[in-house]
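Hello,

Here is the structure I said I would pass on. Please open it first, then read the notes below.

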2 protein chains.
Amino acid sequence: MTAQNIDEMVRRHLADRDIRFTQGRKAVVRALHLSSGPQSAADLHARMKAQVPLSSLYRSLVVLEGAGVVAAHHSQGPVARFELAEWLTGHHHHVLCMSCGRVDDVSLDRTTESALAGIVVIVASKAGFSVSEHSLEIEGTCSVCRSENSAGTVTQAF
Amino acid sequence: MTAQNIDEMVRRHLADRDIRFTQGRKAVVRALHLSSGPQSAADLHARMKAQVPLSSLYRSLVVLEGAGVVAAHHSQGPVARFELAEWLTGHHHHVLCMSCGRVDDVSLDRTTESALAGIVVIVASKAGFSVSEHSLEIEGTCSVCRSENSAGTVTQAF
DNA sequence: TTCCTTGCAAACGATTTGCATTGGA
DNA sequence: TCCAATGCAAATCGTTTGCAAGGAA
């Protein structure tokens, strides 16, 4: 998906909802599109070279989340992380590195994903819940940290 | 698992690590054991009738988490939720109600769990991660909120 | 003009910490 | 005895908000 495409899809999506696609919001969408995994507000702020105050950034994120353009994740500590919604990126899951805090996206092949979906239904029904979303969060150690550790290097806390 | 058992297991676990099992820490473990799902610090504080200041409660949680007695979860917004570690409660997953914020535990039968474990390995290896933990977090609507909604009652935001 | 959006600074809520005091092995 | 644990108050951090100024339709 090219940046142009994303931009155009978001523009239409927002137009349908009478929400303006301002410069600030465009910049957020672009920054998210250039990122590989979920980003914290501070990450985005840095990535946009602080051209926009944090408070405005947060406001853009609130609007875009409300419009269903971005999704927020809270799994990792006290800081929220944001990424483009799945209708823009495709359905995927996250792996969290417990050593350096990095979060990566992973998507599954159709077979594995449908097996997972089956399990999700089982789990939810056991608790009497109806499912709206599911996300598999896997904690582990990324390859970088693993080699650093085995080399005796200090592990970076996060 | 009775409260006595938990108490005794935790006592030994902490003793092995030269960490004291003080009144405050005992109270936290007891409160967690009496709860059905992950609890926020404020929940616990209320449940313990505010006999202990919040700051001390947090300190107990930090120590217990560091010792592997308590596990913290951050999936739900800005407030952390705590529960006893899985070696005390058994492996399980969470379902989150997007309407009222409630979080319930669900455990799977051996067959389903091992199917899930297989998927987890696939996902992690795709990202070059080695797995240490996995948790399936399912977002949905609990039965209470579903019936409230269908009855036209106001949905409680959280 | 008329809203909506922005910037700035102040406010907030959850969590953490400094310091003097208390408590347990 | 003596270090670890506690209570209190103040600090911190991520995030939100009030208000006045800027911008687009």
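Which helices each supply at least two residues of the surface near DNA strand C? They are helix 2 (23-34) and helix 4 of chain A, together with helix 4 of chain B. Keep in mind throughout that this is a predicted model.

**DNA strand C**

DNA strand C is surrounded by 16 residues. The closest are Arg25(A), Ser56(A), Arg59(A), Tyr58(B) and Ala80(B). By class, the surface near DNA strand C divides into six nonpolar, five polar and five charged residues.

Sugar or phosphate accounts for 62% of the atoms of DNA strand C within 4 Å of the protein. The rest belong to bases.

- Arg25(A) has a side-chain N or O atom 2.7 Å from a phosphate oxygen of DNA strand C.
- Ser56(A) places a side-chain N or O atom 2.6 Å from a phosphate oxygen of DNA strand C.
- Ala80(B) uses its backbone: an N or O atom there lies 2.7 Å from a phosphate oxygen of DNA strand C.

**DNA strand D**

Now the other DNA strand. Around DNA strand D there are 17 residues. Tyr58(A), Ala80(A), Arg25(B), Ser56(B) and Arg59(B) are the closest. The surface near DNA strand D is made of seven nonpolar, five polar and five charged residues. Of the atoms of DNA strand D within 4 Å of the protein, 62% are sugar or phosphate, and the rest are in bases.

Here are some contacts to bases. The side chain of Arg59(A) has an N or O atom 2.8 Å from a base oxygen of DNA strand D. Arg59(B) puts a polar side-chain atom 2.7 Å from a base oxygen of DNA strand D. For Ser55(B), an N or O atom of the side chain is 3.5 Å from a base nitrogen of DNA strand D.

Which elements give two or more residues to the surface near DNA strand D? Chain A gives helix 4 (54-66). Chain B gives helix 2 (23-34) and helix 4 (54-66).

**Chain B against chain A**

Next, the protein interface. In contact here are 40 residues of chain B and 41 residues of chain A. The two chains bury about 3200 Å² between them. Carbon and sulfur atoms carry 68% of that area. On the chain B side, Ile119(B), Val123(B) and Phe129(B) lose the most area to chain A. Together they make up 19% of what that side buries.

How many salt bridges are counted between chain B and chain A? The count is zero. Polar contacts are present, though: 13 residue pairs between chain B and chain A, both residues at pLDDT 80 or more.

Several elements of chain B each supply at least two residues of the side that touches chain A. They are strand 4 (93-97), strand 5 (103-106), helix 6 (110-126), strand 6 (130-141) and helix 7 (143-150). Strand 6 of chain B gives the largest share, twelve residues. By class, this side of chain B has 19 nonpolar, 13 polar and eight charged residues.

Strand 6 (residues 130-141) of chain A is joined to strand 6 of chain B by eleven bridges. The two run antiparallel.

**A sheet within chain A**

Last, a sheet inside one chain. Chain A has an open sheet of three strands, in the order 1-3-2, with antiparallel pairing. Strand 1 (39-40) and strand 2 (70-73) of chain A stand at the edges. Each has a single partner strand, so one side of each is left without a neighbour in the sheet.

The pairings are as follows:

- Strand 2 and strand 3 (residues 81-84) of chain A pair antiparallel over four bridges. His73(A) stands opposite Arg81(A) in strand 3, and Ala72(A) stands opposite Phe82(A) in strand 3.
- Strand 1 and strand 3 of chain A pair antiparallel over two bridges. Here Ser40(A) stands opposite Arg81(A) in strand 3.

Best wishes

Note on methods: Residues numbered from 1 in each chain as written. Chains lettered and ligands numbered in written order. Predicted model: local features only at pLDDT ≥ 70, side-chain atom pairs only at ≥ 80, totals over all residues. Heavy atoms only, no water. Near = heavy atom within 4 Å. Polar contact = N/O pair within 3.5 Å; in protein donor to acceptor, adjacent residues only side chain to side chain. Nonpolar A, V, L, I, M, F, W, Y, C, P; charged D, E, K, R; others polar. Contact = heavy atoms within 4.5 Å. Buried area = accessible area lost by both parts, 1.4 Å probe. Salt bridge = Lys/Arg side-chain N within 4 Å of Asp/Glu carboxyl O. Pairing = 2+ DSSP bridges.
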